[in-house]
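Reader: I would like to learn how to read a structure feature by feature. Please give the general idea each time, then the case at hand.

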Amino acid sequence: MEEEAPSLSTTSPLLLHERCRHHLRLKTTLCAELSGAVGDLGTYIPIILALTLVSHLDLSTTLIFTALYNFTTGLLFGIPMPVQPMKSIAAVAISESPHLSLPQIAAAGLSTAGVLLLLGATGLMSFLYRFLPFPVVRGVQLSQGLSFAFTAVKYIRFNQDLAASKSTSPRPWLGLDGLLLALSSLLFIVLATGAGDNDHTHNPSTENTINRRRSPRLNQRLKVLSQIPAALVVFLFGLILCFFRDISILGDLKFGPSKITLLKITWEDWKIGFVRGAIPQIPLSILNSVIAVCKLSGDLFPDREASARTVSISVGVMNFVGCWFGAMPVCHGAGGLAGQYRFGGRSGASVVFLGIGKLVLALLFGNSFVSVLNQFPIGILGVLLLFAGIELAMASKDMNSKEESFVMLVCAAVSLTGSSSALGFGCGILLFLLLKLRELEFSRVGFLKSRSEESSKDDEATSLIP
């Protein structure tokens with residue numbers, strides 16, 4: 001059962017201060033939290049970079065506002081709650097012609113935010129979260145995880161035209177963004193983190209049992225490897241390679257943030273943004289940015305499960321603050337949470353560290369930093385995204401029956417082949433209800449049959465009585 005976060009109005013300053021300290025207290029090592037901070041950049045960087053190139057998104061403004069969102073979510077939730085671009089709006093803005101303008105993107109984000117804010121404030125989101133069938137939620141998570149993994153493999157295997165949102169020629173083996181570099185990064189992360197099962201905080205007895213089965217030397221070696229902030233090392237290595245790929249980007253960097261301006265959104269922008277951007281984004285935000293995120297937070301952090309009401313209101317408020325100024329519409333994504341957890345994030349401090357990094361880059365370099373991101377090895381981003389997707393998909397391994405697995409897999413399959421979480425969700429709900437109806441019908445038949453048999457037996461017994 002989800003717990004509602006205490007409201008600020010009913011919380012004393014002292015209790016609020018203690019709550020913030022508790023949420024920002026490191027739950028693991030500093031290196032692990034820093035490594036977890038970059039766990040969701042495999043989705044964040046490609047989308048932000050593509051929107052900057054295609055729709056002239058203001059990178060500096062987006063970095064500043066998403067940094068503020070990171071600070072807020074770290075304090076509010078106490079877990080590495082991610083802040084990611086709204087993917088459906090981004091896909092429409094990049095891939096469909098004509099491209100959405102920046103005011104239309106903002107209108108789409110504000111429309112989506114309004115719906116989520118309404119659902120959260122009225123309690124309808126909590127109602128949905130409480131009564132949605134568990135296998136259907138798992139199916140949505142599985143489809144999102146596999147979708148991330150498929151995209152990651154494309155990033156690794158093929159060169160990417162982010163402005164056109166498509167893969168091009170096969171990636172060469174050699175080079176500063178070659179296949180060999182991506183595979184080396186993947187192998188390094190696997191050697192350092194294994195299958196992501198180094199953390200047993202939910203069940204310490206499990207760790208003791210596993211350690212007793214291993215030799216002391218092996219335990220020591222695995223302990224040393226687990227202390228390596230693998231994702232952070234790979235990301236920083238990719239950042240260094242940016243300058244080796246094109247040293248001229250040093251001349252493109254300019255100090256100072258860009259000017260933040262208020263967007264002018266016309267009535268036509270509202271209509272286009274809502275129809276083309278918000279309508280496909282709203283079901284995705286409800287399912288993946290709220291329902292799936294809350295369920296995953298309960299799986300990964302049983303004592304700190306996020307409230308559906310709070311997450312929904314959080315998405316609404318964030319966008320009502322930033323979209324008016326041209327910041328990219330954002331949400332909380334289950335894939336981002338899985339990625340940050342996979343690489344070591346265990347507390348709100350992890351996303352606060354990420355926010356600090358974004359804010360520093362925005363204030364130092366502003367929009368000129370896009371020239372650096374444009375040279376970042378896409379293969380490395382694909383590796384980070386691959387682990388995030390697999391971690392999210394693995395949350396679906398806890399089905400208790402063949403019937404639950406059946407519903408989950410059908411929901412995931414329809415979501416993937418139909419390229420729509422809403423379509424898969426609808427099919428999953430329908431299948432779940434049909435299976436329950438089937439059981440209900442059989443139970444009624446059995447009940448009637450048993451009652452008729454009992455009646456006939458009573459009649460026979462009565463006839464034998466003299």
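Author: Start with exposure: a residue counts as buried under 20% relative accessible area, as exposed over 50%, and as partly exposed in between. Note also that this is a predicted model. Histidine 56, with a relative accessible area of 63%, is therefore exposed. Histidine 56 sits in the loop between α3 and α4 (59–77).

Reader: What is the phi of histidine 56?

Author: The general idea is that most residues other than glycine have a negative phi, and most peptide bonds are trans. Histidine 56 has a positive phi, near 60 degrees, and is not a glycine. Serine 165 is another case, with a positive phi of about 55 degrees. Serine 165 lies in the loop between β2 (158–161) and β3 (166–170). Its relative accessibility is 49%, so serine 165 counts as partly exposed.

Reader: Which peptide bond is cis?

Author: The bond from serine 97 to proline 98 is cis, with omega near 0 degrees. Proline 98 belongs to the loop between α5 and α6.

Reader: How many helices and strands does the chain have, and what share of its residues is buried?

Author: The chain has 21 helices and four strands. Of its 466 residues, 49% count as buried. Its accessible surface is about 22,000 Å², and 67% of that belongs to carbon and sulfur atoms. Among contacts with a separation of 6 or more, 83% join residues 24 or more positions apart.

Reader: Which residues does UniProt list under "transmembrane region"?

Author: The UniProt entry, which is unreviewed, lists 59–79, 105–129, 135–153, 174–195, 224–244, 351–370, 376–394 and 406–435. Such annotations may be inferred rather than shown by experiment. The model can be set beside two of these ranges. Residues 105–129 are 96% helix and 0% strand, with the end C-alpha atoms 28 Å apart. Residues 174–195 are 68% helix and 0% strand, and there the end C-alpha atoms are 27 Å apart.

Reader: How many residues are in the largest nonpolar core?

Author: A nonpolar core is a set of buried nonpolar residues joined through side-chain atoms within 4.5 Å. The largest one here has 101 residues, and Leu51, Met125, Ile189 and Leu296 have the most contacts inside it. Helix α14 supplies the largest share of this core, ten residues. A second, separate core has eight residues, including Leu287, Cys411, Phe432 and Leu435. Take isoleucine 189 as a case from the largest core. Leaving aside residues up to four places away in sequence, isoleucine 189 touches Gly194, Ala230, Val234, Phe343, Val383, Leu384 and Phe387.

Reader: Is helix α5 mostly covered or mostly open, and how many of its residues are buried?

Author: Helix α5 (residues 87–95) is mostly covered, with seven of its nine residues buried. Those are Lys87, Ser88, Ile89, Ala90, Val92, Ala93 and Ile94. They pack against α3 (41–54), β1 (84–85), α6 (102–122), α8 (134–157) and α14.

Reader: What does glycine 139 touch?

Author: Glycine 139 is in helix α8 and is buried, with a relative accessible area of 0%. Beyond residues up to four places away in sequence, glycine 139 touches Met408, Cys411 and Ala412. Glycine 139 and serine 421 are 282 residues apart in sequence, yet their C-alpha atoms are 9.3 Å apart.

Reader: How many salt bridges does the structure hold?

Author: In general, side chains of opposite charge can pair when their charged atoms come close. This structure holds ten salt bridges. Aspartate 177 pairs with arginine 171 at 2.9 Å, N to O, and both residues are buried. Aspartate 177 also forms a salt bridge with arginine 245, at 3.9 Å, N to O. Aspartate 177 lies in the loop between β3 and α9 (179–193) and arginine 245 in helix α12, so this pair ties together parts 68 residues apart in sequence. Arginine 245 is partly exposed, with a relative accessible area of 34%.

Reader: Which residue forms a salt bridge with glutamate 391?

Author: The partner is arginine 342, with the closest N and O atoms 3.8 Å apart. Glutamate 391 is in helix α19 (residues 378–394) and arginine 342 in helix α16, so the pair ties together parts 49 residues apart in sequence. Both residues are buried. Elsewhere, salt bridges that share partners join Arg138, Lys295, Asp299 and Asp398 into one network.

Methods: Residues are numbered from 1 along each chain as its sequence is written. This is a predicted model: local features need pLDDT of at least 70, side-chain atom pairs count only at pLDDT 80 or more; totals for chains, interfaces and linings use all residues. Side-chain values use heavy atoms; hydrogens and water are left out. Helices (H or I, at least four residues) and strands (E, at least two) are DSSP runs, numbered from the N terminus. Buried means under 20% relative accessible area, exposed over 50%, partly exposed in between (1.4 Å probe, protein chains only). Contact means heavy atoms within 4.5 Å. Accessible areas come from the Shrake-Rupley method with a 1.4 Å probe; for residues, only the protein chains shown count as cover. A salt bridge is a side-chain nitrogen of Lys or Arg within 4 Å of a carboxyl oxygen of Asp or Glu.
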